Structures are given as structure tokens and as C-alpha cells.
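Subject: Structure handover

Hello,

Here is the structure you were waiting for. My notes on it follow below.

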Amino acid sequence: MSKVLVIGDSCLDEYIYCTTHRFCPDAPVPILKPESFVSTLGMAGNVVDNLKALEVEVELISNANKIKKTRYVDERTNHMFVRVDEGEDDVFPIAKKSLESIKWKEYNAVIISDYCKGFIDEETIKYISNHHPLTFLDTKKQIGSYAENITYIKINDVEYRYSADFLDKEYLDKLIITRGPNGAEYEGKVYPVKKVDVRDTSGAGDTFLAGLVTKYLENNSIVDAIKFANKCATQVVQKKGTAKININEI
């Protein structure tokens with residue numbers, strides 16, 4: 001069994017599913033009646049949960065205090081009325097001694113899940129890529145020289161446009177660009193996805209990343225890994241909330 005280390009920002013994703021039948025008399029907003037509550041790990045924690053669902057042995061190094069994202073959602077339509085985020089101002093960067101104590105050879109791959117909440121900086125990304133030969137980066141940062149030794153960089157199309165004008169050609173064989181319902185692009189070729197009814201895209205990028213790394217470790221083919229990752233992401237967007245892969249449905 002492959003063993004993967006995930007380093008990055010994590011959070012709690014909370015979903016409060018509500019019913020609503022009337023509007024507030026004091027303001028044009030619906031009155032929500034909570035009916036059910038779901039709490040799952042998000043961001044790097046969601047990557048970990050999806051890797052576990054794919055039967056990969058995994059360890060997580062993340063921020064000790066949990067960021068919390070609370071969503072109030074219509075139970076019937078899955079429409080999100082509001083999202084409340086807490087704890088982002090209290091994240092401390094990973095300690096250098098924590099990085100120095102990692103036994104890098106124990107892991108087949110390292111995933112950096114960087115949501116730019118403060119746990120991961122550019123020097124940390126560079127340090128990790130210099131200490132392990134197979135690294136996968138998912139970052140909200142503008143891509144720069146700090147990522148030159150990363151093996152593969154997974155970004156979405158919005159993030160790509162943010163970095164495109166600054167990217168050297170040396171990054172082209174590293175970039176995997178997810179394009180939502182249009183699939184994923186690698187080295188100028190688009191790998192399409194099946195058209196489905198999308199219920200919730202929360203955490204779909206994390207699922208894609210978990211599927212990508214899992215399949216790559218199986219056969220060392222990034223093309224096969226992208227195709228498999230597309231299937232994983234397509235599965236979870238048809239479910240409510242921050243869903244996990246069901247390996248029996250892939």
C-alpha cells in the first residue's frame with residue numbers, strides 16, 4: 001500500500017440544512033429553520049479523507065487550531081443562503097523543526113494543500129520539494145520560482161489566469177488545470193468529463209487531487225491519473241456537501 005504525506009491548511013466544513021417558508025418582516029431575508037447538521041474535515045483534511053476512501057495510507061500535518069466554515073443551506077434545493085468563516089486570523093505557520101523532523105523516505109508522495117490561510121509559505125513549499133522527489137502542489141498562491149522543483153501543480157482555471165502571464169515554459173509540463181464541467185487540461189490537451197447534474201462543488205478540487213495522486217502511484221502515468229481524478233471529482237459533485245469518494249462507484 002502506498003503511503004502519502006499531506007501538508008497544508010485544514011478546516012471544519014459545517015453544513016446546517018434548513019427549511020424556510022416565510023420571510024423576515026424586518027428585512028427581505030428568509031427565516032431559516034435548522035433541520036439537520038453535518039460536519040466534515042475540509043481543505044487538506046478533505047484531501048486526507050478522500051485518500052483514505054481510496055485505500056491509501058496517509059498522514060496529515062496541519063494547523064492545530066481548526067478554521068471553521070459554516071454553511072446554511074436549503075434542505076430541498078441545496079441552495080446556500082450564507083457562509084460564515086471563523087478562525088482564519090489565528091493560523092500560525094508550520095514550525096521549521098516540524099519539517100526537519102519528517103522522515104521523508106517513508107512516503108511515496110507528498111501533497112501540499114495550500115489554501116493560503118497562513119500555515120504554508122513559499123519557503124516551506126520550496127523546502128518540501130527539495131526534500132522529496134515526488135511532490136504535488138495545490139495552491140492559491142501565484143505560481144513562482146518557489147515551485148520550480150514541484151513535480152506536478154494542480155490549479156483551477158481561475159488560478160491559472162492569475163499566474164499565466166508570469167509562468168515560464170519550464171512549468172508547462174507540471175501544470176494540471178482543472179476546468180470544472182470542461183474537465184482538466186495538461187500540456188495543451190483537455191481531458192473531458194461526463195456531463196452530470198451538479199449538486200455541490202464543495203471540495204471537488206480536493207477529491208480530484210486525491211484521485212490524481214492515488215492513480216499516479218499505481219502506474220506512474222499522469223494521463224491515466226488525470227482521467228481517474230476526473231471520475232472521482234465527477235462523482236462527488238453529484239452529492240450534497242463536502243462529499244467523499246465511494247470507491248465502489250468509480
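H1 is mostly covered, with seven of its 10 residues buried (buried means under 20% relative accessible area, exposed over 50%, partly exposed in between, with a 1.4 Å probe and protein chains only). This is a predicted model in which local features need pLDDT of at least 70 and side-chain atom pairs count only at pLDDT 80 or more, while totals for chains, interfaces and linings use all residues. Residues are numbered from 1 along each chain as its sequence is written, and side-chain values use heavy atoms, with hydrogens and water left out.

Helices (H or I, at least four residues) and strands (E, at least two) are DSSP runs, numbered from the N terminus. The buried residues of H1 are Ala44, Gly45, Asn46, Val47, Val48, Asn50 and Leu51. Their cover includes strands S1 (3-8), S2 (10-19), S3 (33-43), S4 (57-62) and S7 (109-114), together with H5; contact here means heavy atoms within 4.5 Å. After H1 comes Glu55, whose phi is positive, near 65°.

**H5 and its two helix partners**

The axes of H1 (residues 44-53) and H5 (residues 204-219) come within 8 Å and cross at roughly 45°. That makes H1 oblique to H5 (angles under 35 degrees count as roughly parallel, over 145 as roughly antiparallel, 65 to 115 as roughly perpendicular and the rest as oblique). Axes are lines fitted to C-alpha atoms, for helices over the stretch in contact, and angles run from 0 to 180 degrees between N-to-C directions. From H1, the residues Asn46, Val47, Asn50 and Leu51 meet Asp206, Thr207, Leu209, Ala210 and Thr214 of H5. By class, the residues of this contact are four nonpolar, four polar and one charged (Ala, Val, Leu, Ile, Met, Phe, Trp, Tyr, Cys and Pro count as nonpolar, Asp, Glu, Lys and Arg as charged, and the others, Gly among them, as polar).

H5 also packs against H6 (residues 222-236), at an angle of about 145° and with the axes 7 Å apart. On the H5 side, the residues involved include Phe208, Leu212 and Tyr216; on the H6 side, they include Ile226, Phe228 and Val236. The contact of H5 with H6 has 12 nonpolar, four polar and two charged residues.

**Loop residues**

Asn220 lies in the loop between H5 and H6. Its phi is positive, about 60°, although Asn220 is not a glycine. Asn220 counts as exposed, at 55% relative accessibility.

Glu187 sits in the loop between strand S11 (184-186) and strand S12 (189-191). Glu187 has a positive phi of about 50° and is not a glycine. With a relative accessible area of 55%, Glu187 is exposed. For background, most residues other than glycine have a negative phi.

Pro93 is in the loop between strand S6 (80-86) and helix H2 (96-100), and is exposed, with a relative accessible area of 52%. Leaving aside neighbours within four places in sequence, Pro93 is in contact with Gly118 and Phe119. Pro93 and Ser62 are 31 residues apart in sequence and 9.4 Å apart in space, C-alpha to C-alpha.

**The protein as a whole**

The secondary structure comes to six helices and 12 strands. Along its principal axes, the C-alpha trace spans about 60 × 40 × 40 Å. Of the 250 residues, 48% are buried.

Regards
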